[in-house]
Structures are given as C-alpha cells and as structure tokens.
Amino acid sequence: YPDQDEVDRVRIAFVPPPARGMGLECLTLAPGHRRARGDAWAKGLAAGNSFIEVRLEGDGSLVLLDKLRGKEWRGLLALEDELDGGDAYSWCPVPGDWPRRTAGPIAARVLFGGPLVAALEARWELPGGRRGGEESPGRIGIRLLVVVQAGDPTLRCSLEVTNEARDHRL
C-alpha cells in the first residue's frame, strides 16, 4: 500500500468441494445453493447448530445445551464483583459487602446469523462495589462474543473486560 489507498477487509466462509490428495481446485464466486451439514444459526439471544445451543441470560451468563447428550449447563461465564480491603497482593473481604452479579441491562445483537458461522455480541456494565452504601468510583465494561460454527460441537467465547473500578475483586 505505498500510495495509502483505502482497503476493505472482507471475510468469507464456505464449504469447500472435495479435492484429491495433492490436488488443486480453482474456486470462483457464485450464488450459494448448498447448505452446510449442521447449519449454524443465531436469533435474538440464542445461537446453535445440530450439536449445541447457547443462550445469553439477563445477568450476562450463558446457558449451554449439549443436544447429543441431553445435558444443560447454567451460569457459564458469570461474573461477580466484590470489594477488596486487602493490599496489592492478597484479597481481604470487606465486612458487610457481598458478591454482586450484573443486573442489566445487557445490549445484545446478532453479528452473523449463519449458515456457516453464527455469532452473538453482548455488552454491559457491572457495578464496581460499594463503600458506605455508595458505588465505588470507576466502572467495569464487558463485551462477550459467542461463536458457533456449522458442524462443530465447540462453543467459542471471547470475553473483553475494561476494568476502571478500584479496590475490588472481579
């Protein structure tokens, strides 16, 4: 880019055709017509495929359903915050304080609706603790990215935390 032209970054997802060992295929763009095995989908606060389904709860935690085994896990990636009366090396509880979870609101949106990749993004803030009945200065900003891919039983999560609160344990 010696002349500093603007460049768009584009991501594509596709199911490749079968190829022979050490073979080479030339692919061109065309309207899609085949569906991937175990299509991924996202709608509202949920995403999934033929193997798993994940739902975002109002406190920012996740509920994961394993469709193959019929098992469900609740409270995944739940964040809690409480005051810290200790020094820089060790946590010390503050009398009268208790762990708090997000109470909302959570802003969520579908980034990709499938059929190869489904992704949800959620953003919210968590209170940074209490001192004498008042909120401590600072805030804790949270961004959660949840990704499900077609034909894959793996849930991918990315959690970004911007911690501007003081004297607390997250």
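## His-168 and its surroundings

The side chains of His-168 and Asn-163 are joined by a polar contact of 2.9 Å; such a contact is a pair of N or O atoms within 3.5 Å, where, within protein, one must be able to donate a hydrogen and the other to accept it, and residues adjacent in sequence count only if both atoms are side-chain atoms. At 3.5 Å, the His-168 side chain also reaches the backbone oxygen of Ala-165.

His-168 sits in strand β14 (residues 168–169); strands here are DSSP runs of E with at least two residues, numbered from the N terminus. With 13% relative accessibility, His-168 counts as buried, meaning under 20% relative accessible area with a 1.4 Å probe and protein chains only. Leaving aside residues up to four places away in sequence, His-168 touches Asp-81, Glu-82, Leu-83, Asp-84, Gly-128, Ile-140 and Asn-163, with contact meaning heavy atoms within 4.5 Å.

## About the model

This is a predicted model, in which local features need pLDDT of at least 70, side-chain atom pairs count only at pLDDT 80 or more, and totals for chains, interfaces and linings use all residues. Residues are numbered from 1 along each chain as its sequence is written, and side-chain values use heavy atoms, leaving out hydrogens and water.

## Strand β4 and its partners

Now to β4 (residues 62–66): four of its five residues are buried, so this strand is largely enclosed by the rest of the structure. Strand β3 (residues 52–56) runs antiparallel to β4, joined by five bridges; pairing requires at least two DSSP bridges. Here Glu-53 stands opposite Leu-65. Their hairpin has five residues between the strands, and Gly-60 takes a positive phi near 90 degrees.

β4 also pairs with strand β5 (residues 71–76), antiparallel over four bridges, and Leu-64 stands opposite Trp-73.

Methods: Buried < 20%, exposed > 50% of the residue type's maximum accessible area, 1.4 Å probe, protein only.
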